[in-house]
Amino acid sequence: MEEIVRLKEQLGSAFEMKDLGAAKRILSMEISRDRPNRKLFLSQKEFAGKVIRRFGMEKVKIVSTPLATHFKLSGAMSLKSEHEKKYMENVPYSSAVGSLMYLMVCTRPNIAQVISVVSRYLACLGRGHWETIKWIFRYLKGTINAHLEFGGNKILTSYVDSDFGGDLDKRKSLTSYVFILGGCAISWKSTLQSTVALSSTKAEYMAITEAIKEAIWLNAFLGDPIMVFCDNQSVVHLTNDRIFHERTKH
């Protein structure tokens, strides 16, 4: 605390500033604390509510998943008929994706995968893509109280997964990972891979490669070994095999 006070005095001597006490809000994120149990909570309940009302989704029925299995999005679903084009002229698709993306980046890793999917069709959208956006809002309304809860042990772990050829247009696979510290997500990613994988093993291997890159960067702060979990046995054996393989370019 002495160092904090000294730093505040230094900043106050160089800049015009006020000490407003402990932070309660920053960049639309609400910060709350449970000091006796040494926990900190980060949420965007108010911002999420504003987004839901902005797009007129406050009276929709809630759903339990961010993306249902019956949504099979592709570029082939883009505008075809004049009726559909007229309907989509007044649809704020890009604005909705941007608002949802900000939630995902700050406090909502649970919608990272679906945001990765819907953001691919900003230039070739159709009515089916907008129906998917509305489904996300229904999920968001049902989980509006979701938040990040920091506390507990300080062991850093990571979980990695990938689909195989999930992109119906280019047949690329998805890389997804999340890093957990103190029982809470601190880093997450869900994005298409840059190349086409020819097997599920290669898709998972490229995903775990991206996770290991992030683990090396985070390890610079913590200095402790990081456990990375992967559910593909072929990748586990391939990763543990230190012998050089010509075809394993990753």
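Biologist: What's the strand order in the open sheet, and how is the pairing?

Modeller: This is a predicted model. Its open sheet has four strands in the order β7-β6-β5-β8, and the pairing is mixed.

Biologist: Which are the edge strands?

Modeller: β7 (184-192) and β8 (227-230), each of which pairs on one side only. From one strand to the next, the twist averages 15°.

Biologist: In what sense do β5 and β6 pair, and over how many bridges?

Modeller: Antiparallel, over seven bridges, with β5 covering residues 156-162 and β6 covering residues 174-181. As for Ser-162, its bridge partner in β6 is Thr-175.

Biologist: OK, switching to Arg-127. Where is its place?

Modeller: In helix α6, which spans residues 127-142.

Biologist: What is Arg-127 in contact with, leaving aside neighbours within four places in sequence?

Modeller: Met-77, His-83, Glu-84, Tyr-87 and Met-88.

Biologist: New topic: which residues form the nonpolar patch on the surface?

Modeller: Leu-7, Leu-11, Phe-15 and Met-17, and together they have about 390 Å² of accessible area.

Biologist: Where does Leu-7 have its place?

Modeller: Leu-7 is in helix α1, residues 2-14. It counts as partly exposed because its relative accessibility is 45%.

How values were computed:
Residues numbered from 1 in each chain as written. Predicted model: local features only at pLDDT ≥ 70, side-chain atom pairs only at ≥ 80, totals over all residues. Heavy atoms only, no water. Pairing = 2+ DSSP bridges. Helix = DSSP H or I, 4+ residues; strand = E, 2+ residues; numbered from the N terminus. Axes fitted to C-alpha atoms, helices over the stretch in contact; angles between N-to-C directions. Contact = heavy atoms within 4.5 Å. Patch = residues over 30% accessible without salt bridge, like charges linked within 9 Å, V, L, I, M, F, W, Y side chains within 5 Å. Areas by Shrake-Rupley, 256 points an atom, 1.4 Å probe, with all protein chains shown as cover. Salt bridge = Lys/Arg side-chain N within 4 Å of Asp/Glu carboxyl O. Buried < 20%, exposed > 50% of the residue type's maximum accessible area, 1.4 Å probe, protein only.
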